[in-house]
Amino acid sequence: MAAVSQVGVVGAGAAGLGVAIFLADAGIEVEILEKTDAPSTWGSGITLQGNALRVLRQLGLWERISEHGYAFNELGLRAPDPNGTVLAIVDDALMGGEDLPATLGMNRPELASIMRERAREAGVKISYGKSVESIHDDGTRVQVHTADGDKHDYDLLIGADGIHSTVRRALGIETEPESTGMGIWRAFVPRPPEVVRTDLTYGGTCYIAGYCPTGEEHMYAYLVEQAQDRHDVHDAGVMADLAANYGGPWTEIRKYLQNGAQVNYTRFTTHLVEGNWHRGRTVIIGDAAHSCPPTIAQGAAMALEDAAVLAELLINSETLDERLWEQFHDRRLERAGAVVNASAQLGQWLFDGNKDADVPGLLATLAARLVVPA
Ligand SMILES: Cc1cc2nc3c(=O)[nH]c(=O)nc-3n(C[C@H](O)[C@H](O)[C@H](O)COP(=O)(O)OP(=O)(O)OC[C@H]3O[C@@H](n4cnc5c(N)ncnc54)[C@H](O)[C@@H]3O)c2cc1C
C-alpha cells in the first residue's frame with residue numbers, strides 16, 4: 001500500500017504530468033489542476049539531455065518521443081564570424097547511459113501532447129481552467145480552492161505550477177526567481193539540412209547564438225542577449241537583425257526570421273528553495289522549487305527527475321512521514337542545486353566576458369554527477 005491514495009497535482013507541465021503518470025500507473029488516483037483553458041499549441045523547441053530521456057523512458061515514452069524528436073551525440077562550437085567557422089565538434093556526455101543518445105531535440109508542444117496522452121492512458125484526470133488560489137492543510141487532507149470557486153480535496157498536493165508558483169507562496173516559502181540579466185530570443189523554423197546537432201557560438205552581437213534540430217523538418221534557434229524590456233516585441237525582425245552577425249546555417253535561419261517566423265522572448269531567472277520543499281501534506285517540484293538559465297539545458301531534466309524520485313518514494317512507502325521527506329530532499333536538493341549553480345555560473349562567465357573560465361571543466365564535473373541516476 002502506497003503512502004497516499006488520492007493526489008492533486010497543480011500544473012500540467014513536465015513535472016506535473018511526469019509525477020501524475022508514475023503515480024497513476026501504481027494505482028493511485030490523480031487529478032491535475034491546470035490553470036489554462038486548453039493545452040498550449042505554440043511553443044519553441046526543447047533540448048532533452050540523456051538524464052531527461054532516462055526518466056521519459058521510465059515513463060514508457062521513449063519510442064514515442066524518439067519517433068518525433070531528433071537525436072544526436074555531438075556538440076559543435078562555431079566562431080562569431082561571417083562563415084560561422086566550425087572551431088570544434090565534441091562528443092557530448094551520455095548522461096542517460098550508453099543506450100540513450102546524449103541529446104534529443106523536440107518541439108515543446110509535441111512533447112507536452114505525448115505526455116498528456118500517456119497521462120490519460122494511465123487514468124490521470126486533467127482538469128483545465130482550474131487556477132489554484134489557496135490551499136488549506138488540516139493535517140489529514142489538503143483542501144484546494146480554485147479561481148472559479150471550486151473546492152478540491154486530496155491526501156497529498158503536489159505543486160508543479162512552475163516558476164511563479166502559487167503553491168510555493170501559499171506554503172509561505174519566500175524564495176522568488178531573480179533575473180540573471182540575460183534574455184533569450186527563440187524561433188521555431190524549418191531545419192536547413194546542415195543542422196544535424198546543436199552548434200553554439202559564444203560572443204558576437206549576443207552572448208550565445210545556438211540552435212537545436214527538433215525533427216527532420218524543423219528546429220529551433222536562439223540568441224541570448226542582455227535582458228531588455230522586449231515583452232511587447234513579437235517582431236522577428238529584431239531577432240533577424242541580431243542574427244546578422246552569425247554565419248553558417250544562420251544565413252538561412254535569418255531568411256526565415258525576415259519572412260516573419262514566430263518568435264518568443266524570455267528573461268533568464270534563477271532560484272533554489274534551499275530548505276524543505278514540503279510543508280505538511282503539500283510539496284513543490286520542478287520550476288516551482290528551482291529554476292536556472294537554460295545555459296546547460298537541464299531545467300526540464302531536473303523537473304522530470306523530481307517527479308520520478310517523489311513518485312518512487314510515495315509508491316514504496318507506507319506512510320507520508322518525515323523519513324520520506326528526508327529521503328526526498330537528500331536525493332533532490334543538492335543535485336538540483338548543482339545544476340542551478342553550474343547554469344548560473346556559466347551565464348555569469350558569459351555576462352562578464354570571462355575568457356579564462358573553465359567551461360569544459362564545469363560541464364564535465366556536472367555530467368559525471370548527472371550520469372548517475374537521481
Ligand atoms: C528560455 C528557456 C529555455 C529552456 N530550455 C530548456 C531546454 O532546452 N531543456 C531543458 O531541460 N529545460 C529548458 N528550460 C527549462 C524548462 O522549460 C523548465 O525547467 C520546465 O519546463 C519546468 O517544468 P515544470 O513542469 O516544473 O513547470 P512548467 O512547465 O512551467 O509548468 C507549470 C504548469 O503549471 C500551470 N500553473 C501555473 N500556476 C498555476 C495555478 N495557480 N493553478 C493551476 N495551474 C497553474 C502552468 O499553466 C503550467 O502548465 C528552459 C527554460 C527557459 C525559460
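## A salt bridge at D99

At 55% relative accessibility, D99 counts as exposed, the classes being buried under 20% relative accessible area, exposed over 50% and partly exposed in between, with a 1.4 Å probe and protein chains only. The side chain of D99 forms a salt bridge with that of R57, at 3.1 Å from N to O; the term means a side-chain nitrogen of Lys or Arg within 4 Å of a carboxyl oxygen of Asp or Glu. Helices (H or I, at least four residues) and strands (E, at least two) are DSSP runs numbered from the N terminus. R57 is partly exposed, because its relative accessibility is 32%.

## Basis of the model

This is a predicted model, in which local features need pLDDT of at least 70 and side-chain atom pairs count only at pLDDT 80 or more, while totals for chains, interfaces and linings use all residues. Residues are numbered from 1 along each chain as its sequence is written, and side-chain values use heavy atoms, with hydrogens and water left out.

## Other salt bridges

The structure holds 19 salt bridges. One of them pairs R169 with E176 at 2.8 Å, N to O. R169 is partly exposed at 41% relative accessibility, and E176 is partly exposed at 30%.

R332 and E305 meet in a salt bridge of 2.9 Å, N to O. The two residues are 27 apart and link distant parts of the chain, R332 in helix α9 (residues 322-352) and E305 in helix α8 (residues 299-316). R332 is buried, with a relative accessible area of 0%, and E305 is buried, at 2%. A network of salt bridges links E305, D306, R332 and R335.

## The second largest pocket

The second largest pocket has about 340 Å³ of space, a volume being the space filled by probe spheres set on grid points that are joined across faces, edges and corners. On a 1 Å grid over the protein atoms alone, a pocket is an open set of points where a 1.4 Å probe fits, with protein on both sides within 12 Å along at least five of seven lines; lining residues have an atom within 4 Å of a point.

Residues lining this pocket include Y202, Y207, W349 and K355. Helix α9 gives the most to the lining, with three residues. Domain 1 (6-71 + 106-177 + 270-370) and domain 2 (178-268) each supply at least three lining residues, with bounds from an automatic or database domain assignment.
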